[in-house]
Amino acid sequence: MITIDGPLGSGKGTIANALASQLGWHLLDSGALYRLVAIAALDAGLGPGDEEALAELAARLDVQFADSGDDQETKLNGARVGARLRSQEVSAMASRVAALAGVRAAIVKRQQDFRRPPGLVADGRDMGTVIFPDAPLKIYLTASVEVRAQRRYKQLKEKGESVNLSRLFRDIEERDKRDRTRRIAPLRPAADAVIIDSSELSIKEVLAKIKHLLEEKDISI
Ligand code: C5P
């Protein structure tokens, strides 16, 4: 069990994906779960103030993910959600619904059920602190806001979304603040997490660091 937590744009999704595929382990992209709750909420016309209805919706959400982490295979109620999963509208709503205790409680067990042999790589904000507190290897991946905004900008551009870098910067700061200061499961490194700052590191370099940590724990890759 490996957990990778960190803020948006720290590279945790890419790293978790690569690790899961190299180890042949399962993958949990917990942010995608909150994003699907957000999509279902937007479609149902619910706002962040409708906590009870949102919690109910989260509890009975019918979702499907591929271990490859391929967004194209992500389904909500049997239908592919496609590029909408990572859109700015859905990102903003996801961070709002994720701040609600009822919503978080409704999907704890669903996340823990992803833990199956031969192993699981789980990425998110509270994987090491709340959902899998006994994970033997916990990584907290971070990077400066500037670097994260640039990465997100490139990602969204490649997907054909029209984006404004300064707005993106502000959005990221706002979302970071919300994730870090919320009462329930705030974004923070677990006491026993290894902190990696990826601002100046390539994906390959981050992976090399994690592989080294895995070797120290006798997990071969
Ligand atoms: O990681 P990603 O950007 O896809 O997550 C979407 C939103 O879901 C984040 O803004 C964060 O607020 C929330 N989230 C969370 N706990 C997690 C994963 C994501 O609160 N474990």
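This is a predicted model: local features need pLDDT of at least 70, side-chain atom pairs count only at pLDDT 80 or more; totals for chains, interfaces and linings use all residues.
Residues are numbered from 1 along each chain as its sequence is written, and side-chain values use heavy atoms, with hydrogens and water left out.

By pocket I mean an open set of points on a 1 Å grid over the protein atoms alone, where a 1.4 Å probe fits, with protein on both sides within 12 Å along at least five of seven lines; lining residues have an atom within 4 Å of a point.

Elements that supply at least two lining residues each include α1 (12–23), β2 (26–29) and α8 (145–158). Those labels are DSSP runs numbered from the N terminus: helices are H or I with at least four residues, strands are E with at least two. The lining divides into 17 nonpolar, 16 polar and 16 charged residues. Here Ala, Val, Leu, Ile, Met, Phe, Trp, Tyr, Cys and Pro are nonpolar, Asp, Glu, Lys and Arg are charged, and the others, Gly among them, are polar.

Now, where's the ligand? The space it takes is that largest pocket, going by the rule that more than half of its atoms lie within 2 Å of the grid points. α2, α4 and α9 are the elements giving two or more residues to the shell around the ligand, and α2 gives the most, with four.

That shell has five nonpolar, four polar and nine charged residues. Of the 18 residues around the ligand, meaning a heavy atom within 4 Å, Arg 35, Arg 104, Arg 125, Asp 179 and Arg 182 come nearest. Look at the side chains: an N or O atom of Arg 35 is 2.6 Å from a ligand oxygen, and a polar atom of Asp 179 also lies 2.6 Å from one. For Arg 182, that distance is 2.8 Å.

Last, the backbone. The peptide bond from Pro 117 to Pro 118 is cis, with omega near 0°, and Pro 118 is in the loop between α6 (108–112) and β6. Asn 77, in the loop between β4 (75–76) and β5 (79–80), has a positive phi, near 50°, and isn't a glycine.

Terms used. A polar contact is a pair of N or O atoms within 3.5 Å; within protein, one must be able to donate a hydrogen and the other to accept it, and residues adjacent in sequence count only if both atoms are side-chain atoms.
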